[in-house]
Amino acid sequence: MRRLQAPFGNWEPASLSEAVALFAGRDVRWWMAGGIAVELAVGRVLRPHGDLDVLVLRRDQLAVQRALAGWEWWAADPPGSLRPWSPGELLPFGVHDVWCRPGPDRPWRVQFMLDESQGTEWVSRRDARVRRPVDALGATSAAGVPFLVPEVQLYYKAKSPRPKDEVDFAAALPVLDGTQRRWLIEALTRTYGRRADGRACVHPWVARLQA
């Protein structure tokens, strides 16, 4: 099986309108993710983006694959390589990212993230104790674009915040209501509230969420 080792080639991220068009009329739930999800939540552009992230539930992976029939699909096998995702193949837990492009000589256009679920609940792939109803996982922009709610997106960004994640957190903080802040504080404390040696610790975002 041919694999791609980093660097994997150029990106030309699809636009929001293109992403919506790809799923028009499809019976599958999806949400814009990453920094674009934060921008949709705050209502303004914050920074440039090198890719376009779309979150779907793992149980819907084949429906998403059918939605982009004819495209190239490459699964991100950890650590650090891409390999072809065959039509009809079920990707296992541990493979969370899929890169997509219209053809072999075309730039990458969409990155899909596969997340877990049990029944009507979304289950974080980082920590199965962190859950919420699938119906409360996303919101919809005024233009009709579904996006991951900011508290969930920030939870994922909190593992090892990069400068761009700090930009996203600072921008999203004023739009988080009390319920959203409480959910994020609880999720951060549950997942990141212990050091590797077992000692308690506090994620640096918690104090700002409590202010």
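Q: What is the relative accessibility of Ala128?
A: This is a predicted model, where local features need pLDDT of at least 70, side-chain atom pairs count only at pLDDT 80 or more, and totals for chains, interfaces and linings use all residues. Residues are numbered from 1 along each chain as its sequence is written, and side-chain values use heavy atoms, leaving out hydrogens and water. Buried means under 20% relative accessible area, exposed means over 50%, and partly exposed is in between (1.4 Å probe, protein chains only). Ala128 counts as partly exposed, because its relative accessibility is 46%.

Q: Where does Ala128 lie?
A: Helices (H or I, at least four residues) and strands (E, at least two) are DSSP runs, numbered from the N terminus. Look around residues 121–123, which form β8, and 131–133, which form β9. Ala128 lies in the loop between β8 and β9.

Q: How far apart in space are Ala128 and Thr191?
A: Along the sequence, 63 residues separate them. In space, going C-alpha to C-alpha, the distance between Ala128 and Thr191 is 9.5 Å.

Q: Which residues of α6 make the contact with α4?
A: α4 covers residues 150–157 and α6 covers 178–192, and their axes (lines fitted to C-alpha atoms over the stretch in contact) lie 9 Å apart. They pack at about 25° on a scale from 0 to 180 degrees between N-to-C directions, and since angles under 35 degrees count as roughly parallel, that's what α4 and α6 are. Contact means heavy atoms within 4.5 Å. On the α4 side you'll find Pro150, Glu151, Val152, Leu154 and Tyr155, and on the α6 side Gln180, Trp183, Leu184, Ala187, Leu188, Thr191 and Tyr192.

Q: Which residues touch the most other members of the largest nonpolar core?
A: A nonpolar core is a set of buried Ala, Val, Leu, Ile, Met, Phe, Trp, Tyr and Cys residues joined through side-chain atoms within 4.5 Å. The largest one here has 59 residues, and its largest share, 6 residues, comes from α6. Touching the most other members are Met32, Val54, Phe112, Trp122, Tyr155 and Leu188.

Q: Why is α2 largely enclosed by the rest of the structure?
A: The buried residues of α2 pack against α1, β2, β3, β11, α4 and α5. They are Gly34, Gly35, Ile36, Ala37, Val38, Glu39, Leu40 and Val42. So α2 (residues 34–42) is largely enclosed because its buried residues number 8 of the 9.

Q: Which residues of α5 make the contact with α2?
A: The axes of α2 and α5 are 10 Å apart and meet at an angle of about 20°, so the two helices are roughly parallel. From α2 come Gly35, Val38 and Val42, and from α5 come Asp168, Ala171 and Ala172.

Q: Which residues does Gly35 touch, not counting those up to four places away in sequence?
A: Gly35 sits in helix α2, and it is buried because its relative accessible area is 6%. Val134 is 99 residues away along the chain, with 20 Å between the C-alpha atoms. The residues Gly35 does touch are Arg47, His49, Lys157 and Asp168.

Terms used: Angles under 35 degrees count as roughly parallel, over 145 as roughly antiparallel, 65 to 115 as roughly perpendicular and the rest as oblique.
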